[in-house]
Amino acid sequence: MLERDVVLGRGVGGGSWTPEHSVLDMLAIKTEHLSSAAPEAARDSSVLFRSGCMFLEAVAGTIASRCPPLCCVVCQWIPRSPVTLSCGYTGCKRCLGQSCPHCGAVVPPGVEQNVLVKAATEKWWPKELEAERLREQGVALAQDDLLEEAIAVFDAAVNLCGEDHLLLEARSEVLHKLNRLELSLEDATKATRMRPFWSKGYYRKGVVLTSLGQYEDAFVSFALCAALEKNCDRVKHEFIKILQKLVSPTSKRVPVSPWWSSNYITPLEPNAKTGEDDIIESFNRTVISNFPLFESRKLNLLLDRILQEIENTKKIEFFGREMLQNRDDVIDPEDFECVLCCRTLWRPVTTPCGHTYCAVCLDRSLDYSPNCPLCMTSLSQYVGSSERQVTVFLEVALSIGLPAEYHCRLSSHRAELAALSSVPEIPVFVCTTAYPTVSCPLYVFEPRYRLMIRRCVESGSRQFGMAAYTHQPSGAKRYAEYGTILEIKDWVLLNDGCSILSCVGVRRFRVISRSERDGYDTAQVQFIQDDPISCHSLQEVKELHDRVRKRGFRWFQRMSQDMQRKIVGTFGEMPEVEDNWHSLENGPAWAWWLVAILPLGHHLQVGILKTTCFSKRLRAIEKTLKHFEEGPESRDRLRNANMESLKNTANNYQVRRT
């Protein structure tokens, strides 16, 4: 009964359990009832072992790992050989392994060091980096069993920088090997205070406390290590051993080995057993036989203490200012200037080749060339990323180290955004004639239109005007007086920086005035809509509506199957008739769908688009359909119309190269 309750996650009194509190309560209740249930518990000695494992699984990952600003996301210290990942986080090249511990972003092979971050760390923290170099020397000496020499090197490094938790943890490990346990505990405790979200520090502290026989504190330390790790298997072995010590104080101590290093293995005591089956066997000899002496209340308080420590750790905040204290004389604003705009970096982004620019500046540069502006490395894969992640290290360094310049740049950026949003003009894509409710796929390759579309998406409007080219008598190209507002439904960014847009027409407009911004056209517009249909003419318009729709559908059905598939693939099926089509501001959707596939000249397309009389638009469509259906050359006309319709369809999805 007792074993089944544990496996199913039920307390002695029945009911279900949930992580943290319920597991703690369950484990405490189990131990409290062990004396009365000893004969039943003796049938399965794994009860407490399984309860401990369940507790670890419940607390594992409950503390979200957080890294102090301006530090490597893995070792939580000044990044050496810093590389910045696509997620924006920076870490030591040696620490990062295969992926970012924060978001799982893959570390690409051959990623280059962040040039700007490397220069900043070398300029701001020369003593700390020298201490790191000494730490690596000390670790190498310790691996060669030259422990006293390693301590001497560590001491020299601590004199240079006493705030390096990596250094303190490394010295604590060597002091532990030399059996200088009090000094080892002092270093391990300092390391956990400096970096409360660094799991390795709690592990080191737990190892030393175990050697000192302070099992309760070791129990808490290993639990905090598990709470900071997503996988509790790394500390499960040590945790269960400490639990064994707590319930059986007379048993022998079994040394533990660290989970992060396969090289460091503490020698086991003679005849010591370490496997899970051996631990359960030991439970048979010690725990079960001593149930009457078990202090369940003490364990209950200890579990509550663990939970409180987890909650306290979650509340700890990092600000990062301490990393740059007393360094005003070495922080130079010129070190943080963008080489493209010659202003202080704003939303700095780092390329895979290690160079940093303002996000906006880099996008503008990549509109014209897929190469890094400084080293000309190809950024074709980077260009295909739809969103540039800000380099967190540099963003924090700017806000803390250069607050005046940072806020000035922020104000400038906000002013530029306000100027863009307050301008009454809409951006105009000059290409073809689009229609309300009709799909309009576009391939965008020109730098000016890349910028225009990017601004439309970033601003949140996701809308722009579409107007057709018109040729003037002088030979100059302009765009038509009437156009359609398109709304971006989907935006696919390609590796070469070009993009494919899926758009749909929203409403029509008339150009009032024309302007230009950063190379693309803009215009002040007046929106237009159909005139209301009077009551006395509504019946006549309905009859005309039904007649033209039938004729249009019949014309479409006479096209070849291949042609129909191409049109449907681009514009979709002919829309159904809306119930309130006569009151819609642009009339029924099927009429615009038919206009879109008819082989009309540009002037006639614009003429139909600007027409606000629905019956007049229907008659224009009907007249065009009659032109292809009547006369002895109707078959040839229909075949030619099919070809023109195909060209018209292709023009809406032009794949042109500069």
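How many aromatic pairs does a search of the whole structure find? The search finds 11 aromatic pairs, where rings of Phe, Tyr and Trp (its six-membered ring) pair if their centres lie within 6.5 Å, and planes under 30 degrees apart count as stacked, over 60 as edge-to-face and the rest as tilted. The model is predicted: local features need pLDDT of at least 70, side-chain atom pairs count only at pLDDT 80 or more, and totals for chains, interfaces and linings use all residues. Residues are numbered from 1 along each chain as its sequence is written, and side-chain values use heavy atoms, with hydrogens and water left out.

Phe-219 and Phe-239 form a stacked aromatic pair, with 4.4 Å centre to centre and 25° between the planes. This pair links distant parts of the chain, 20 residues apart, with Phe-219 in helix 11 (residues 215-228) and Phe-239 in helix 12 (residues 233-247); helices (H or I, at least four residues) and strands (E, at least two) are DSSP runs, numbered from the N terminus. Phe-219 counts as buried because its relative accessibility is 0%, and Phe-239 is buried with a relative accessible area of 1%. Here buried means under 20% relative accessible area, exposed over 50%, and partly exposed in between (1.4 Å probe, protein chains only).

The pair of Tyr-435 and Trp-592 is stacked because the ring centres are 5.9 Å apart and the planes are at 25°. Tyr-435 lies in the loop between strand 5 (426-431) and strand 6 (439-444), and Trp-592 in helix 22, 157 residues apart. Tyr-435 counts as buried at 3% relative accessibility, as does Trp-592 at 0%. Ring pairs also link Trp-124, Trp-125 and Phe-336 into a cluster.

According to the unreviewed UniProt entry, the annotation "domain: RING-type" covers residues 338-375; such annotations may be inferred rather than shown by experiment. The span is 26% helix and 16% strand, and its end C-alpha atoms lie 15 Å apart. Val-339 is found in the loop between helix 14 (296-314) and strand 3 (348-350), and counts as partly exposed because its relative accessibility is 48%.

Glu-585 is placed in the loop between helix 21 (561-571) and helix 22 (589-597). With 33% relative accessibility, Glu-585 counts as partly exposed. Apart from residues up to four places away in sequence, Glu-585 touches Arg-507, Arg-508, Gln-529 and Asp-530, contact meaning heavy atoms within 4.5 Å. The C-alpha atoms of Glu-585 and Phe-614 are separated by 9.9 Å, the two residues being 29 residues apart along the chain.
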